[in-house]
Amino acid sequence: MSDIKKIKEEFINKLKQDLDLNSVNQIKTDLFGKNGKISNEFKKLGSIAVEERKKFASELNSIKDEIQTAISKKIQDLEIIEINSKLQNEKIDVTLPERSFNQGKIHPVSQVIDEISSIFSEIGFNVEEGPDVENEYNNFTALNTPDNHPARDMHDTFYLDNNKEYLLRTHTSPVQVRTMLKGKPPFKIIAPGRTYRSDSDQTHSPMFHQVEGLHIDKNINMGHLKGCLNYFIKEFFEVNKIKMRFRPSHFPFTEPSAEVDIGYKIKDGKIIIGEGDKWLEILGCGMVHPNVLKNVKVDPSKYQGYAFGIGIDRLAMLKYGINDLRSFFETDYRWLNHFGFDPLDVPSSYRGLSR
Ligand code: DAH
């Protein structure tokens, strides 16, 4: 047998063995690489006598083709084996039941804070925040509520030290003070957050939520306050008409001061906002007292404006039909599952589409 036939026999037999892709590639190099056995045979062509050369060349070429075909076939076979084993091992059983998972719910208070922020931001209010632990100056004194003022008693304050210097803020109004002290007018902000008073029954919880509003500029008057609150109530309750009344009241930090009631009726056990002859108090407001402006270095002869404070929990109870305020804070998972919101379920007012 000629040398090249021997080479062919040897390698065709090798290829019949159980090989992996690497070994096949190695065989390829052994034969056709720079010093491969077939490559070397081709190099011999020049030194062979002319009459022999043609026969040798054609034999060498056909053996080369034969081996190359065998190698390609082997590679293809190996690839098919690999694909089949992948298909076998990585098979997805689409008939399996899906894995269950628990999706959390958004608490009604968080939901309502988001809705309120979105509604006010549409008319140019920025959202500010302040700390729950306040000093007595920001919570009372700067807000024109001096030491001996009876309003201090009404607030049932949780003091944090014997000097009564630090406390849990009793309202969100100190954020007005913080905002005005750190900036320059005009101011147009809301400040939602937690507030604390030593009080607990069906409609009072020692921790509750308020949103403060403040708009100070050169010519802001009570008409602007009414317009702003009217817009807010309609947007929030998603109604076109609202009954609203301003009752004279007193707050040390506003002059004049008012409390705002909205009209409602009960129909089939449900509360309907904007109709009927019953009244419900929902917020306190007024024109910011000149003393407050002075305390935060705003000139009351140049600037004026309104402020308001709304109970957020009360709004959430009204809008979503929740009866007991205390249930908000009992962290009962079943309650949250019932009254909570799907994170992806965005109500229309939140999208600003209700107008
Ligand atoms: N801070 C008041 C409270 O907690 C609510 C309030 C009334 C806030 C009138 C205001 C306001 O900004 O102008 O009872």
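How many nonpolar, polar and charged residues does the shell around the ligand have? By class, the shell has 5 nonpolar, 8 polar and 2 charged residues. Here Ala, Val, Leu, Ile, Met, Phe, Trp, Tyr, Cys and Pro count as nonpolar, Asp, Glu, Lys and Arg as charged, and the others, Gly among them, as polar.

The model is predicted: local features need pLDDT of at least 70, side-chain atom pairs count only at pLDDT 80 or more, and totals for chains, interfaces and linings use all residues. Residues are numbered from 1 along each chain as its sequence is written, and side-chain values use heavy atoms, with hydrogens and water left out.

The chain has two assigned parts, domain 1 (3-89) and domain 2 (108-339), with bounds from an automatic or database domain assignment. Their centres, taken over C-alpha atoms, are 87 Å apart.

Of the 15 residues around the ligand, those that come nearest are His171, Ser173, Arg197, Gln210 and Glu212; a residue is near if one of its heavy atoms lies within 4 Å of the molecule. The table gives polar contacts, which are pairs of N or O atoms within 3.5 Å.

| Residue | Protein atom | Ligand atom | Distance |
|---|---|---|---|
| Ser173 | side-chain N or O | nitrogen | 3.0 Å |
| Gln210 | polar side-chain atom | oxygen | 2.9 Å |
| Phe308 | backbone N or O | oxygen | 3.4 Å |

On its own the ligand has 350 Å² of accessible area, and the protein covers 92% of this (Shrake-Rupley method, 1.4 Å probe). Two or more residues of the shell come from each of β5 (207-217), β9 (278-288) and β10 (304-311), strands being DSSP runs (E) of at least two residues.

Notes: Polar contact = N/O pair within 3.5 Å; in protein donor to acceptor, adjacent residues only side chain to side chain. Helix = DSSP H or I, 4+ residues; strand = E, 2+ residues; numbered from the N terminus.
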